[in-house]
Structure formats: structure tokens, C-alpha cells
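Trainee: I would like to go through the aromatic rings of this model with you, and to hear the reasoning behind each label.

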Amino acid sequence: MTLYFVVKYLHVLGAIVILGTGTGIAFFMLMAHRTDNAEFIARTASIVVIADAIFTLSAVILQPVTGGLLMMLSATAITEHWVLASLALYAVAGLFWIPVVVMQIEMRDLARKAAEQHAALPERYFILFRRWFAFGFPGFGATMLILWLMIAKPF
């Protein structure tokens, strides 16, 4: 097995982790939200925040490192159109993912407070949830397009 294939494996694994964790987080947050149960939402959001910190963040850091190594090992120029498009989409995904993490933390805290006080979730939680949901589409869509560009290298 060559160094190129080891790095490529790690790069693909990072993409899988980003997409898989993102999908799982979205599913679990949506299902918890649908219960309208502050305690359940707080517990779920707590796990989601941890998962994002451990899995998504490590993969987000790994991707440009392994991608850069792959470019170097394969003599792929950064000026290749598919590479430039991937980098732009990576920035777009990050611009949506960072606020999503902040929103998840605030939603968790709001749900915890409501659960502790045996109160209903505040309106701020619902505003954040709608924003969080909306931010997921361009953020996740960008990562799906990056995956397609990595595979197809269309231009």
C-alpha cells in the first residue's frame, strides 16, 4: 500500500465522518425537537454538541491536511477548477457549520434551563431551531457537492 492510498483512505474517511455525523446530528436533533420535551431535547443536544466537537471537528481539520497531501502526492495543481470549487464550497460549509454549532449549544442551554424550571421551551429556542434547520441545507449541500467534485473531477 502506498502513501498516496493511505492518505486517500484518510481523506475519504474524513468525508464519511463529516457527512455521517452531520446526518446523524440532524436526525437526532429533529427527532428530539419533535417531542417538545425540554429534558429530552437538552440531553440530545448535549450529545450532539459532544459529537460535533469530537467527530466533525476532527474530520474538518483532517480534510484540508489530507487534501493538501493528496494534491502534493499526485501533482494536482491548486488551480484545478474542481479543487478551487471544492475549496470555495468548503468555506461555504464552514460559514454555515460554525453558527450551527453555536446554535446547538444555545438550544441545549435553553432546553436545560426549561427542564430545570419545569417550564416550556422559550420562543428563542424555536427561533434558533428554525435557523439551525435552515442553515443545515446549504452547509450539508456544500459538503455533498464537494464529495461529488472529489469523485467526478468534472472540470
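Mentor: Rings of Phe, Tyr and Trp (its six-membered ring) pair if their centres lie within 6.5 Å, and planes under 30 degrees apart count as stacked, over 60 as edge-to-face and the rest as tilted. By that rule, ring pairs link Tyr125, Phe126, Phe129, Trp132, Phe133 and Phe137 into a cluster. Bear in mind that this is a predicted model, in which local features need pLDDT of at least 70 and side-chain atom pairs count only at pLDDT 80 or more, while totals for chains, interfaces and linings use all residues. Residues are numbered from 1 along each chain as its sequence is written, and side-chain values use heavy atoms, with hydrogens and water left out.

Trainee: How many aromatic pairs does a search of the whole structure find?

Mentor: The search finds eight aromatic pairs.

Trainee: Why is the pair of Phe27 and Phe28 called edge-to-face?

Mentor: The ring centres of Phe27 and Phe28 are 5.4 Å apart and their planes stand at 75°, so the pair is edge-to-face. Tyr125 and Phe126 also form an edge-to-face pair, with 5.2 Å centre to centre and 85° between the planes.

Trainee: What makes Tyr125 count as buried or exposed?

Mentor: Buried means under 20% relative accessible area, exposed over 50%, and partly exposed in between (1.4 Å probe, protein chains only). Tyr125 has 0% relative accessibility and therefore counts as buried.
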